[in-house]
Amino acid sequence: MKKPFLTATFATTLAVTISVALTACGSSASDTSSVEGSWNDVVAAAEREGTVTLYSSQNTTILDSVKSAFHAKYPEITLEYVRGTDADLNPRVEMENKTGKGIADVHVVTDTAWIASAADSGSYSQELRGPSFDNPVYQPDSSIKNNRMFLNVAATFGLGWNTDAVATNLTDPRDVLDPKYKGRVGVVSPVGIASYVDLYRFYRENFGDDFQQRLAAQEPRIYPSALGIAQALTSGEIVVAPMVQPLVQEVKSGAPVNWTLPTPSWGTPFYGHIASVAPHPNAAQVLADFLVSTEGQTAQAIGVATALPDIQGATANAHDIQGPDPKQLTKQFVDQQSTEWEAQFLR
């Protein structure tokens with residue numbers, strides 16, 4: 001049986017990265033209260049609160065960029081962030097909500113099932129007030145769920161290749177099926193991971209019912225994440241991949257790689273919300289508004305699609321990216337697809 005190819009880096013468990021030491025007990029949501037009145041009143045109250053905490057599963061390069069840009073616009077408000085996976089952060093948000101002891105002010109998440117459930121219930125979030133949410137080009141009718149969950153950016157996935165080994169740019173996922181790449185293709189394992197299960201579904205629906213079968217016949221190396229694929233492409237361990245995030249940072253650093261998004265493209269949207277027990281509710285409103293403003297979207301445009309059009313550095317418009325449907329990704333569907341994938345790729 002073929003075993004997944006794992007490097008030591010990715011065999012370890014991802015730990016939550018905390019940019020500052022936060023108090024273990026948290027704060028009560030009643031420490032401060034949301035002000036009534038104009039947006040200027042909200043900003044003034046936020047500046048009196050003086051701090052805001054962001055929980056996010058985005059990468060630290062983006063979060064550091066957001067922190068810098070936010071401080072430039074709101075120097076009186078200190079932004080700190082806690083970075084972790086959805087599996088790390090979602091339970092923390094739920095527990096803070098249950099106990100009424102909040103640490104998170106704003107939470108950015110990519111778990112589509114959690115987003116849909118939280119938006120429907122409204123129990124984990126406060127209603128949005130910021131003026132940036134009314135911007136017509138933001139497409140608020142499709143970007144905001146229940147006036148609580150808001151589209152922030154989207155992680156996109158596409159084609160990557162090592163330019164030392166591949167002379168011609170790839171344009172279509174079926175390009176990796178060329179026999180000359182047999183044994184030199186990198187793929188992610190979707191076993192038990194709903195989003196990756198949906199990625200394989202997307203490729204089958206858009207690039208041929210037999211795409212997955214033909215991909216398995218290429219005897220690809222299997223990685224637990226798109227980040228692992230990016231590193232393998234850079235090192236030359238593999239030479240092509242149909243499912244990697246845009247290699248923006250790698251290209252910028254001079255690595256021998258390149259990338260493109262196929263048409264159509266698949267991705268996973270990041271949604272944000274203001275925590276129902278946010279200890280700094282006014283600063284939370286200001287941060288949420290900032291994230292979807294031109295400044296905030298520009299700060300995040302590092303290898304992702306943005307929710308505003310024409311943002312420099314964005315890989316695409318997030319509204320044009322096809323993403324997972326949580327109604328389809330039932331446990332039964334994910335388990336079934338995972339079993340079928342294992343039968344094809346781990347034989």
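Start by selecting K101, which is found in strand β5, residues 101–102. The model on the screen is a predicted one. Is K101 buried, exposed or in between? Its relative accessible area is 43%, so K101 counts as partly exposed.

**Two residues with positive phi**

Move on to Q139, in the loop between β7 (125–126) and α6 (140–143). Most residues other than glycine have a negative phi, and most peptide bonds are trans. Phi of Q139, which is not a glycine, is positive, near 55°. With 35% relative accessibility, Q139 counts as partly exposed.

Next select N147. Where does N147 lie? The place to look is the loop between β8 (144–145) and β9. N147 is not a glycine either, and has a positive phi of about 55°. The relative accessible area of N147 is 31%, so this residue is partly exposed.

**A cis peptide bond**

Select T263 and P264 together and show the backbone atoms. What kind of peptide bond joins T263 and P264? The bond is cis, with omega about 0°. P264 sits in the loop between β13 (257–260) and β14.

**A covered helix**

Now select helix α11, residues 281–291. How many of its residues are buried? The count is 11 of 11, and the helix is described as mostly covered. Colour the residues by type to see what is in the helix: the buried residues include P281, N282, Q285 and D289. Also among them are V286, L287, F290 and L291. A residue counts as buried when its relative accessible area is under 20%.

**The second largest pocket**

Rolling a probe the size of a water molecule over the atoms shows where empty space is left. Select T112, K145, P269, Y271 and P324, which lie nearest the centre of the second largest pocket. This pocket is lined by 19 residues and has a volume of about 340 Å³. Two or more of its lining residues come from each of α5 (112–121), β9 (149–162) and β14 (266–275). Which element gives the most to this lining? That is α5, with 5 residues. To see the classes, colour the lining by residue type: 11 residues are nonpolar, 6 are polar and 2 are charged.

About 30 Å³ of space lies in the largest cavity. To find the largest cavity, select the residues that line it: P190, Y196, V197, Y200, R204, Q212, Q337 and W341. The elements that give two or more residues to this lining are α7 (194–207) and α13 (331–345). Show α7 as a cartoon, with side chains drawn; this helix gives the most to the lining of the largest cavity, with 4 residues. By class, the lining of the largest cavity has 5 nonpolar residues, 2 polar and 1 charged.

Technical notes
Residues numbered from 1 in each chain as written. Predicted model: local features only at pLDDT ≥ 70, side-chain atom pairs only at ≥ 80, totals over all residues. Heavy atoms only, no water. 1 Å grid on protein atoms, 1.4 Å probe; cavity = no way out; pocket = protein on both sides within 12 Å on 5 of 7 lines; lining within 4 Å. Points joined across faces, edges and corners; volume = space filled by probe spheres on them. Nonpolar A, V, L, I, M, F, W, Y, C, P; charged D, E, K, R; others polar. Buried < 20%, exposed > 50% of the residue type's maximum accessible area, 1.4 Å probe, protein only.
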